[in-house]
Amino acid sequence: MKHYTDNFAHDNLPSLDLQPDYVFTDLPQFQHPEILNCVDKLLDNHIKEGCGTNPCIRTFDETWTYQDLYEKSNQIAHVLIDDLGLQSGNRVLIRSANNPMMVACWFAVLKAGGIVVATMPLLRSKELTTIIDCAEISHALCDKTLHDEMNLVKSNFLKRTSFFDELENLMQSKPKTFANYHSKSDSIALIGFTSGTTGLPKMTSHYHKDILNICEAFPRYSLQPTPNDIFTGSPPLGFTFGLGGLVLFPMYFGAATFLIEKPTPEMLLQAIQEYKITICFTAPTAWRVITSKLDNFNISSLRKCVSAGETLPLKVWQDWYDATGLKIIDGIGATEMLHIFISSNEDNMKPGATGVAITGYEAKIIDTNGNEIATNEPGRLAVRGITGCKYLNRIDKQKEYVENGWNLTGDIFRQDADGHFWFVARGDDMIISSGYNIAAIEVESVLLTHEDILECAVVGLPDEERGMLVCAHIVLKEKHKATDNMKNHIQHWFKEVAAPYKYPRVIYFAATLPKTETGKIQRFKLK
C-alpha cells in the first residue's frame with residue numbers, strides 16, 4: 001500500500017528479511033495506530049490540551065511558545081505545498097544552525113507529508129550536493145546566513161531552494177492552522193546520513209513511530225522529564241543525538257528547549273545560569289572544559305547531564321561529580337538506531353561504564369562468528385529493539401550492519417557480570433573527535449583530490465582533549481615539498497573544500513605507506 005505520492009524512499013527500503021528483528025514493540029508505550037503523524041503528539045496535542053502559552057523554544061534573544069511554533073509550522077507547511085510545490089514523500093533538506101526557525105521547518109515538512117533531511121551548517125557545497133543526489137532531494141530550506149555554500153550546489157534533483165527570509169515573507173499571508181498529512185506509523189519521516197558524505201554515503205531511514213518510540217525509551221529511562229524542565233546542549237539538530245535531546249524529548253513531554261547557534265562551553269554555562277536550565281546534552285570534550293569554568297557560574301538548576309558522541313572518560317565523570325555532585329549520564333547511540341540504546345540512570349550507574357540496555361532494547365557481545373562470548377571478554381556489540389537499521393538503496397551495507405536480526409554497531413565492548421557494558425574500542429576506522437564521527441576514508445578521499453598528494457592514509461590519534469585527532473600520513477608526488485608550509489597549506493585547503501571539523505590536525509609526510517602484498521594500506525601499523 002502506497003504511503004506517499006513520491007515513493008522513492010519507501011521503494012529503496014531494504015526488504016523485510018534484511019531488516020533487523022524488532023523487539024519490545026508489544027509493550028503498550030510502543031504501540032501506535034496505523035495512521036500516525038508524529039507531529040500530532042510532539043506539537044499539536046499540546047495546543048489541544050490548552051498548553052499553547054507554555055514556553056517551547058528559548059534563545060538568548062527570543063522566546064517562542066508552543067502556540068508560536070504551532071502556527072509558524074502550519075504556515076510553513078502551507079508555503080511548502082502552495083508556493084514550493086511539495087508533494088507527499090518529497091525529501092526536503094534543512095540547512096541551519098540550531099534555531100527556532102529550523103525547528104519550525106522540521107515540523108512543517110512532516111506536517112506537509114515530506115521527509116526531513118536535516119544537515120549541519122559546516123557542510124560544504126560538494127558534500128551537500130552528494131546528499132541531495134543520493135536522496136534525490138527536491139526542496140531545500142536554508143538559513144539566509146548560510147547561503148554561500150547552498151548557492152554553489154548544482155544538482156538536477158533540486159527544484160526549489162527557499163531561504164528563511166523568503167520563507168518568512170511567504171508565511172505572512174498563510175493560515176495559522178493546517179491539517180497534518182495522514183502518514184502511517186511506518187511512513188518514513190526522516191533520512192539521516194551517516195558520517196561519510198563523499199562517494200556514496202549511507203542513508204538511514206526512520207519511521208514516524210520510530211520518532212515517538214525513542215521518546216518513550218531513553219528520556220523516560222534516564223531523565224524522567226516533566227513540563228517544568230528546560231533542555232539545552234551543543235549537538236547540531238542535524239545529528240539525531242541533537243534532534244532527540246533538543247527537540248523531540250523536550251516537546252514530547254511538554255518541556256522547553258534552549259537553543260544556541262554556536263554553543264561554546266561558556267555559552268552553555270551562561271544559559272544554565274540565566275535561564276535555569278535543568279537538562280544539558282553535550283560531548284565529553286565540553287564537559288571537561290565546563291568543569292574547569294564552574295567557579296564563575298551558578299548551575300544549581302541543573303539536575304541531569306548527558307554525554308554522548310564519544311566514550312566518556314572516567315576522569316571527566318569523576319571531576320564533574322567531585323565539583324557538582326551530579327552524575328553525568330553516558331550513553332551510546334547510532335544514526336542507524338536513531339538515538340541512545342545503552343545508558344544508565346541514578347539507580348544503576350557505574351562510573352566508567354556506558355550502562356545497560358535501556359527499556360526497549362537488548363544487547364549482547366558476540367565474536368566474529370556471531371556467537372555470544374564470555375563475561376568481561378571484549379567483542380562486537382550487537383543490539384536490537386524498537387528501532388533498527390534501514391539503509392536506503394544499500395543492500396551491501398545493510399547486510400554488513402544487520403546480522404541474524406541484530407544490529408552490529410561497529411563498536412567493541414565487554415559486558416560485566418551485572419549486565420553493564422564497557423566501551424573498549426571502535427571496530428572500524430571511524431575517528432570520533434570532539435563528538436564528531438569522521439570516517440577515515442572520507443578524509444582520504446578529499447586529500448587525494450589535492451594536486452600534490454600521491455597517496456595518503458588517515459587514522460585516529462588519541463588525544464586527551466578531543467578524544468581523537470584526525471592524523472594524515474601523506475606521500476607527496478614531489479618529496480622535496482614535504483615542509484611545514486606544505487602541511488599548513490593542505491590544512492587550509494582542506495577546510496575550504498570540506499567540512500572544517502574533518503581536517504587533519506596532524507600531518508606526517510612519508511616516503512611510502514605500509515601495505516599488504518595485495519596493495520592494501522595497513523592502517524594498524526600507522527596507528
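This is a predicted model: local features need pLDDT of at least 70, side-chain atom pairs count only at pLDDT 80 or more; totals for chains, interfaces and linings use all residues.

Colleague: Leaving aside its neighbours within four places in sequence, which residues is A255 in contact with?

Modeller: Contact means heavy atoms within 4.5 Å, and by that rule A255 touches P55, C56, Y66, T226, P227, D229, F231 and P250. To place it, A255 lies in the loop between α9 (240-252) and β10 (256-258), where helices (H or I, at least four residues) and strands (E, at least two) are DSSP runs, numbered from the N terminus. Residues are numbered from 1 along each chain as its sequence is written, and side-chain values use heavy atoms, with hydrogens and water left out.

Colleague: What makes A255 buried?

Modeller: Its relative accessible area is 1%, and buried means under 20%, exposed over 50% and partly exposed in between (1.4 Å probe, protein chains only), so A255 is called buried.

Colleague: Why is N404 called exposed, and why is N376 called partly exposed?

Modeller: N404, in the loop between β18 (402-403) and β19 (406-415), has 66% relative accessibility and therefore counts as exposed. N376, in the loop between β16 (361-366) and β17 (379-385), has a relative accessible area of 37%, so that residue is partly exposed. Neither is a glycine, yet phi is positive in N404, at about 55°, and in N376, near 70°.

Colleague: Why is α14 described as largely enclosed by the rest of the structure?

Modeller: Six of the eight residues of α14 (residues 440-447) are buried, and therefore the helix is described in that way; the buried ones are A440, E442, V443, E444, V446 and L447. The elements covering them include β23 (453-463), β24 (467-476) and α15 (484-497).

Colleague: What makes α2 and α4 oblique to each other?

Modeller: Helix α2 (residues 38-48) and helix α4 (residues 100-111) pack at about 130°, with axes 10 Å apart, where axes are lines fitted to C-alpha atoms, for helices over the stretch in contact, and angles run from 0 to 180 degrees between N-to-C directions. Angles under 35 degrees count as roughly parallel, over 145 as roughly antiparallel, 65 to 115 as roughly perpendicular and the rest as oblique, so α2 and α4 are oblique. In this packing, C38, V39, L42, L43 and D44 of α2 meet F107, L110 and K111 of α4.

Colleague: And why is α2 called oblique to α9?

Modeller: α2 and α9 pack at about 45°, with their axes 8 Å apart, and that angle makes α2 oblique to α9. The contact is made by K41, L42 and H46 of α2 together with L248, M251 and Y252 of α9.
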